[in-house]
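Please report on the domains, contacts and core of the structure shown below.

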Amino acid sequence: MVGIVGYGVYVPRYRIKTSDIAEVWGEDSARIGKGLGVFEKSVPGPDEDVATISVEAARNAIKRSEIDPTDIGAVYVGSESHPYAVKPTGTIVAEAIGCSHDMTCADFEFACKAGTAAIQTCMGLATSKMVKLGLAIGADTAQGRPGDALEYSAAAGGAAFIIGMKDVIATIEDTASFTTDTPDFWRREGEDFPSHGARFTGEPAYFRHVGEGAKLLFKKTKTNVDDYDYFVFHMPNGKFPIAMGAQLKVPPEKLEDSLVVRQIGNTYSASAMIGLARVLDIAKSGSKICMVAYGSGAGSDAFSITVEDAIEERRGEVPTVDDYIERKTYVNYATYAKYRRKIKG
Amino acid sequence: MAEHGVAQIWRRIKSIYNIQGNKCETCETHFFPPRPVCPTCRRKGKLVDYQFKGLGSIYSFAVVRQAPDDFKRQMPYVIAQVELDEGTRLTTQIVNVDPENVEIGMRVRACFRKIKEFGQSGVIMYGYKFEPTMKVTGHEV
């Protein structure tokens with residue numbers, strides 16, 4: 001059955017505290033972190049972008065899975081911050097991880113769920129035997145307009161999942177998606193920063209789509225909340241996934257392990273995927289995971305995943321999500337602004 | 001101006017993305033960048049492609065405090081000679097560490113970074129830089 005053959009993540013080393021951002025903009029620094037449920041966020045170095053983050057995550061995934069990279073028949077990179085407007089990030093990734101040239105590649109975009117859309121595509125290609133292995137990556141170096149609410153959470157990170165039919169460490173039983181035309185968040189061509197519908201991003205956007213995605217999956221797989229040991233929701237901030245869990249009556253302890261947003265912020269296309277990786281780092285064989293990724297615009301991708309015995313042998317081969325979370329160096333707002341090119345020189 | 005550097009970068013992609021050099025099978029010497037002929041064995045040498053593991057130690061280093069325009073955002077930064085475990089040395093930038101913490105002999109591993117951008121609309125050059133190995137299982141090998 002189709003599943004995850006290997007996975008790897010990457011989170012840049014730099015962090016900025018949300019209280020430091022709040023102080024610059026005259027906000028209540030003590031209240032902001034608690035209110036958003038985001039206390040610090042990752043910041044990419046000046047020489048890091050979606051291509052470099054994707055390569056690091058993909059190299060970790062390959063090392064963990066012990067596959068031959070020339071067996072990868074498809075590379076899809078989902079992001080909303082691809083370094084080029086025209087020239088696929090996946091071409092750079094494929095070359096850097098040693099793929100053969102006999103493969104297909106494309107970049108995906110669907111706000112924060114482009115990476116999970118890539119997973120679904122790879123599932124289809126692997127199941128239909130069009131490819132032996134597919135590599136799906138979600139990575140972003142998200143930008144928020146200086147002073148905007150998004151600036152407190154827009155972070156950087158990446159997760160890579162190798163999808164195939166053999167030697168899986170976790171089986172993907174099924175997936176379901178819910179998609180509508182909902183303009184809650186967008187960025188027009190040529191604009192540096194995205195715009196959003198403020199409160200509109202909640203109820204009609206995130207909560208409706210994640211909720212409906214989860215319900216569609218439950219219906220399709222004839223499961224309910226009690227059948228799952230872990231839940232992973234997209235994490236635009238620390239509050240939304242918890243509120244979503246409460247709406248779906250998910251016990252908080254089933255969600256807790258995935259909430260990486262508190263320490264690294266919203267890594268956009270990588271957000272739910274890093275949450276899933278955090279759970280895969282610790283879950284016992286036989287555990288069932290429900291992941292629902294959300295992308296503004298809007299849509300959700302829900303997955304039902306069961307952890308297999310083989311996962312135990314693949315641990316300790318590459319840095320875990322926690323290893324990357326704990327490797328950090330704080331920067332102040334001025335350095336952050338310089339690294340993120342908010343200061344034009 | 002937009003085309004500047006394209007062919008030059010494209011030719012080197014294989015070697016700078018993955019530290020691909022070569023090795024003389026006669027004298028077992030590794031070379032990076034790849035050499036067209038083994039300087040020791042000459043005609044008797046047999047060169048084959050070799051992908052370096054990307055692990056090594058800092059042989060010597062300097063902290064750059066006067067940088068070209070493209071690198072000003074990274075100042076101060078470290079340029080080092082890294083001795084790869086296979087025996088050859090290369091010059092590279094050391095990232096993910098504060099300059100005051102860099103030491104001769106420090107274990108480092110290759111990572112993938114942006115090397116240079118040819119202006120706002122030009123091509124982006126990627127390749128290897130080195131970072132200290134993380135103190136986690138599995139990162140050293």
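## Domains of chain A

In this predicted model, the C-alpha centres of domain 1 and domain 2 of chain A lie 16 Å apart. Domain 1 of chain A covers 3-169 + 312-339, and domain 2 covers 173-308; such bounds come from an automatic or database domain assignment. Residues are numbered from 1 along each chain as its sequence is written, chains are lettered from A and ligands numbered from 1 in the order in which they are written. As the model is predicted, local features need pLDDT of at least 70 and side-chain atom pairs count only at pLDDT 80 or more, while totals for chains, interfaces and linings use all residues.

The contact between these domains takes 46 residues from domain 1 of chain A and 40 residues from domain 2 of chain A. Two residues are in contact if their C-beta atoms, placed from the backbone, lie within 7 Å. On the domain 1 side, the elements that each supply at least two residues include strand E1 (3-10), strand E6 (133-141) and strand E7 (156-164) of chain A. Helix H5 of chain A provides the largest share of that side, six residues. Helices (H or I, at least four residues) and strands (E, at least two) are DSSP runs, numbered from the N terminus. By class, the domain 1 side of chain A has 24 nonpolar, 14 polar and eight charged residues. Ala, Val, Leu, Ile, Met, Phe, Trp, Tyr, Cys and Pro count as nonpolar, Asp, Glu, Lys and Arg as charged, and the others, Gly among them, as polar.

A:Gly157 is part of strand E7 of chain A. This residue counts as buried because it has 32 C-beta neighbours inside 10 Å; the cut-offs are 20 or more other C-beta atoms within 10 Å for buried, 12 or fewer for exposed, and partly exposed in between, with C-beta atoms placed from the backbone. Beyond four places in sequence, the contacts of A:Gly157 include A:Val9, A:Ser42, A:Ile264 and A:Ala270. The C-alpha atoms of A:Gly157 and A:Ser269 are separated by 8.5 Å, although the two are 112 residues apart along the chain.

The largest nonpolar core has 136 residues, of which A:Val93, A:Ile137, A:Phe161 and A:Ile163 touch the most other members. A nonpolar core is a set of buried Ala, Val, Leu, Ile, Met, Phe, Trp, Tyr and Cys residues joined through C-beta atoms within 7 Å. Not counting residues up to four places away in sequence, A:Ile163 touches, among others, A:Val2, A:Ile119, A:Met123 and A:Leu133.

## Domains and strands of chain B

Chain B is divided into domain 1 (1-18 + 54-135) and domain 2 (20-52), with C-alpha centres 23 Å apart. Nine residues of each domain of chain B take part in their contact. Helix H1 of chain B gives the most to the domain 1 side, with three residues.

Strand E1 of chain B (residues 20-24) is largely enclosed by the rest of the structure, because four of its five residues are buried. E1(B) pairs in the antiparallel sense with strand E3 (residues 47-51) of chain B over five bridges, and with strand E2 (residues 30-31) of chain B over two bridges. Two strands pair if DSSP finds at least two bridges between them. B:Lys23 stands opposite B:Val48 in E3(B) and opposite B:His30 in E2(B). The hairpin of E1(B) and E2(B) has five residues between the strands, and B:Glu28 there takes a positive phi near 65°.

## Contact between the chains

Chain B contributes 18 residues and chain A 23 residues to the contact. Strand E7 of chain B gives the most to the chain B side, with four residues. That side has nine nonpolar, six polar and three charged residues.
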